Amino acid sequence: MESMVLHQKLSDFADWMFPVVDRFPKREKFALCTQIKNSTFAAIRLSIQVQKSAREKLRYLHDLDVELQMLRFLLRHAHQAQYLDARRLELAMRKLVEIGKIVGGLMKAFANKGVKP
């Protein structure tokens, strides 16, 4: 059930984030903007794999954790380049922290159940 919440939170993040990055300068449309979108899509794909996998949930959760870290880096970079204002960066980071807490909780729950990585 919590993995469904994870997927929904990631979908909500994408719905909020994509219009924001679409406002980046034209020269960044095929670089940073695309990287942020691809990283978000990868995170969503991993959340689906967590839901569908019977044996490799922990592996996918670890991969998802790495992808969230990459998203944080990309968003900080966008802020440093002044494509993303401080308010939107803070809101995006809060959303990613919330998603990260869900991932951490799932990792702990699956590790306690003896699910193999």
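This is a predicted model: local features need pLDDT of at least 70, side-chain atom pairs count only at pLDDT 80 or more; totals for chains, interfaces and linings use all residues.
Visitor: How are α3 and α4 oriented to each other, roughly parallel or roughly antiparallel?
Guide: The axes of α3 (residues 57-80) and α4 (residues 86-112) come within 10 Å and cross at roughly 165°. Angles over 145 degrees count as roughly antiparallel. The two helices, α3 and α4, are therefore roughly antiparallel.

Visitor: How do the residues of the contact of α3 with α4 divide into nonpolar, polar and charged?
Guide: The contact belongs to a pair in which α3 passes α4 in a left-handed crossing. Its residues divide into 18 nonpolar, three polar and four charged.

Visitor: What covers the buried residues of α4?
Guide: The buried residues of α4 include Leu89, Met93, Leu96, Val103 and Phe110. Gly100 is also one of the buried residues of α4. What covers the buried residues of α4 includes α1 (2-21) and α3.

Visitor: What distance do the end C-alpha atoms of α3 span, and what should 24 residues span?
Guide: At 1.5 Å a residue, the 24 residues of α3 should span 34 Å. The end C-alpha atoms of α3 agree with this, being 35 Å apart.

Visitor: How far does α4 reach from its first C-alpha to its last?
Guide: With 27 residues, α4 is expected to span 39 Å at 1.5 Å a residue. The reach in the model is close to that value, at 38 Å.

Visitor: How are α1 and α3 oriented, roughly parallel or roughly antiparallel?
Guide: The helices α1 and α3 pack at an angle of about 20°, with their axes 14 Å apart. Angles under 35 degrees count as roughly parallel. That makes the arrangement of α1 and α3 roughly parallel.

Visitor: Which residues in α3 meet Leu6, Leu10, Phe13 and Met17 in α1?
Guide: The crossing of α1 and α3 is left-handed. In α3, the residues met by these α1 side are Leu61, Leu64, Leu68, Leu71 and Leu75. The residues of this contact divide into nine nonpolar, no polar and no charged.

Visitor: What phi does Gln82 take?
Guide: Most residues other than glycine have a negative phi. Gln82 lies in the loop between α3 and α4, just after α3, and is exposed, with a relative accessible area of 72%. Although Gln82 is not a glycine, its phi is positive, at about 65°.

Visitor: How far apart in space are Leu58 and Lys108, C-alpha to C-alpha?
Guide: In sequence, Leu58 and Lys108 are 50 residues apart. In space, their C-alpha atoms are separated by 9.1 Å.

Visitor: How far apart in space are Ala54 and Leu71, C-alpha to C-alpha?
Guide: Ala54 is found in the loop between α2 and α3 and is exposed, with a relative accessible area of 67%. Ala54 and Leu71 are 17 residues apart in sequence, and their C-alpha to C-alpha distance is 27 Å.

Notes. Residues are numbered from 1 along each chain as its sequence is written. Side-chain values use heavy atoms; hydrogens and water are left out. Axes are lines fitted to C-alpha atoms, for helices over the stretch in contact, and angles run from 0 to 180 degrees between N-to-C directions. Helices (H or I, at least four residues) and strands (E, at least two) are DSSP runs, numbered from the N terminus. Angles under 35 degrees count as roughly parallel, over 145 as roughly antiparallel, 65 to 115 as roughly perpendicular and the rest as oblique. A crossing is left-handed if the near helix is turned anticlockwise from the far one by less than a right angle, and right-handed if clockwise. Ala, Val, Leu, Ile, Met, Phe, Trp, Tyr, Cys and Pro count as nonpolar, Asp, Glu, Lys and Arg as charged, and the others, Gly among them, as polar. The expected span of a helix is 1.5 Å times one less than its number of residues. Buried means under 20% relative accessible area, exposed over 50%, partly exposed in between (1.4 Å probe, protein chains only). Contact means heavy atoms within 4.5 Å.
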